Amino acid sequence: MKKITLMLFVSLFTILLAAGCGKQTYEPVPIDETVDKCAICNMQIKDDAFATQLTTTEGKTFKFDDIGCMNEWKEKNAEAKIGGEYVRDYNDKEWIPYDQAAYVYDADFKSPMAYGIYSFKDKASAEAFTKEQGKGRLMTAADLASHEWTQNKAQMGMDMGEGHSHDEGGEMDMGANAGATANMGSDSH
Amino acid sequence: MPGASGHADSAAASPTEIGAASLQNRLDAAKPGEAVTLPPGQYAEAIVISKRLIVQAEGVTLTGSGGDAPVVKLAAEGAELHGMAVEKDAAGEAPAVLISADRVVVDGLRIKSRSYGIQLRKSNGSTIRGSVVAPTDDLKGKSARQTDKRNGIDLFQSNGNLIQENRVTGMFDGIYMESSHDNAVLSNEIDHSRYGIHCMYTNGTIMRRNSGEFNVTGIMAMIVKGAEVTDNVFTRQKGSVNSQGMLFFDVQNTRVAGNELTGNRVGLYIEMSRNNVWENNDVSYNFVGIQLLDSQSNRLENNRFVSNVIETQADGSKDNELLHNYWDAFQGLDPSGDGISDIPYVMNPFFQRLTKGIPAYQIFFQSPGMRFLESLFTADAKQWTQDREPRMEPALSSSASTDSRPNPWSAAETGIAGAALLVAALTIITLMGVKKS
């Protein structure tokens, strides 16, 4: 009798523990190209290395086509509690937690919304990529917090290429980086 | 994607083993300014046009030398290529045709590519005309994943180009322009692609008389200034749950006029856009006519919204001027007989707000309870988007041929569907009956 009670207790405990644990983790969900669109820019999300996602503690998952859009969402929803946040490895598209990934930024890198930030599962592969490309600044998730997009994001649309007379340098920055572009825009007038 | 243009040189630069007969040798032998006619035939080689030649290549099919490199490179100012068929079977990031010089002309090309069709990189004043871009046969059709597809005509940092009378089918984005300004996109046809025409960070783009069907979205304008979007026709774009006729995101100082958006999921989707004008557009038979979100100081005038399931969804938008549009679901009142209703057409944002937070609430669409709730929350009705002077009858169409176009949801089809439903209902009632025990 006692054994059974004990067994019951143990199994109940395990179940509760498992259930409890289940609530704490926010696993990445796959991208479905037919229905998923970016929560910020409305573009269809490609199932590629640029896709990112976050899940709030309420259990709602938001997907983005570019890490820059995820950043914008976080700014717009500063009060939201985020349970899990994932980016992808540039090489094998494996989901990696946002704060554990290594990032490489260069204004010339192309990405769906032209933020020019690529993510990698470790520092070594990120370094290898910058060597191969001959450019790119290595960053951590902490560095991203102070990345230019933060302060210039709001101006992205407004200052984007004031007027039509852009020199080539201006256009280059414009395509690749919102932050730099915002500066370009205000400079050119 | 970086390095897309980086490793382009290797394959094409060195003449292949074909020897004297190779096309590259013929091009090398020609003097700048000369017209060269290439002998028809199929060639497994890649070519580079690195001086100002006018190359006539009717009947020539070029399949490249294998590997992810451009099959044709136009790298000299003023070079021209006419009538060539270009096939690039290798996957990757290199295009079938790469244009990297100014004032290049390509005309009548027939391109089949597993990656990009035509790419312009820092090319200004070039012309792409009368060409067809399609994917390799296995990438056609719905089974192909978007990730495997590339853009048809792809511009980056290229200004003042003319893209005219091309046809792009089954690619990723039909015509993609990034950081490219003052380009004219005229009379192109795009179908079965993701976005027909996709602008990212562009100024002064002119999009006129383009048409498309079965794309996810006809024109996708993102972070665009000073564009002109006129007389385009985008129909039957409802294959994807997210499809739109045209989507405008962060668009400014743009004029959108005389377009026809029929049978799409959303006709016009407008978000975070300012100081634009939408006039004389036909937005008909869409699921949602127009979605206007977080946008200010736009003018929507003389548009026609006919037979959309939901005419409008507007929220977070203020200072927009909506005038003299025709909303066929709206019952106006016109005592003065001037053709303009004296009651405004007001757009209740309640449903939009509800479903934005929890999309599953869409199931309450048009439910009696929803109607009731909508009528309760009208405290801030003054802030809502409204057409102050809606028309009683649709304004005369500026585009002539609207009537000749077959209605995608024709009356006959609707009739047949209705009849089928009736028959089904009757059958069920007869078979199952109501049992009295």
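In this predicted model, β12(B) and strand β15 (residues 153-156) of chain B run parallel and are joined by four bridges, where two strands count as paired if DSSP finds at least two bridges between them, and where strands (E, at least two residues) and helices (H or I, at least four residues) are DSSP runs numbered from the N terminus. L120(B) has L155(B) in β15(B) as its bridge partner. The pairing of strand β9 (residues 97-99) of chain B with strand β12 (residues 118-121) of chain B is parallel and spans three bridges, with V97(B) opposite I118(B).

Residues are numbered from 1 along each chain as its sequence is written, and chains are lettered from A in the order in which they are written. Local features need pLDDT of at least 70 and side-chain atom pairs count only at pLDDT 80 or more, whereas totals for chains, interfaces and linings use all residues.

| Strand pair | Sense | Bridges |
|---|---|---|
| β9(B) and β12(B) | parallel | three bridges |
| β12(B) and β15(B) | parallel | four bridges |
| β5(A) and β6(A) | antiparallel | four bridges |

Chain B as a whole has five helices and 39 strands, and 46% of its 437 residues are buried, that is, with 20 or more other C-beta atoms, placed from the backbone, within 10 Å of their own, as against 12 or fewer for exposed residues and a number in between for partly exposed ones. The largest nonpolar core has 125 residues, and V86(B) and V97(B) are among those with the most contacts inside it; such a core is a set of buried Ala, Val, Leu, Ile, Met, Phe, Trp, Tyr and Cys residues joined through C-beta atoms within 7 Å. Strand β24 (residues 217-225) of chain B gives the most to this core, with six residues. Leaving aside residues up to four places away in sequence, V86(B) touches V97(B) and L109(B), among others, contact being defined as C-beta atoms, placed from the backbone, within 7 Å.

In chain A, three strands form an open antiparallel sheet in the order β6-β5-β7. Because β6 (117-120) and β7 (137-139) of chain A each have a single partner strand, they stand at the edges, and one side of each is left without a neighbour in the sheet.

Elsewhere in chain A, A142(A) lies in helix α4 (residues 141-145), and A142(A) is exposed, with 8 other C-beta atoms within 10 Å.

Terms used
Contact = placed C-beta atoms within 7 Å.
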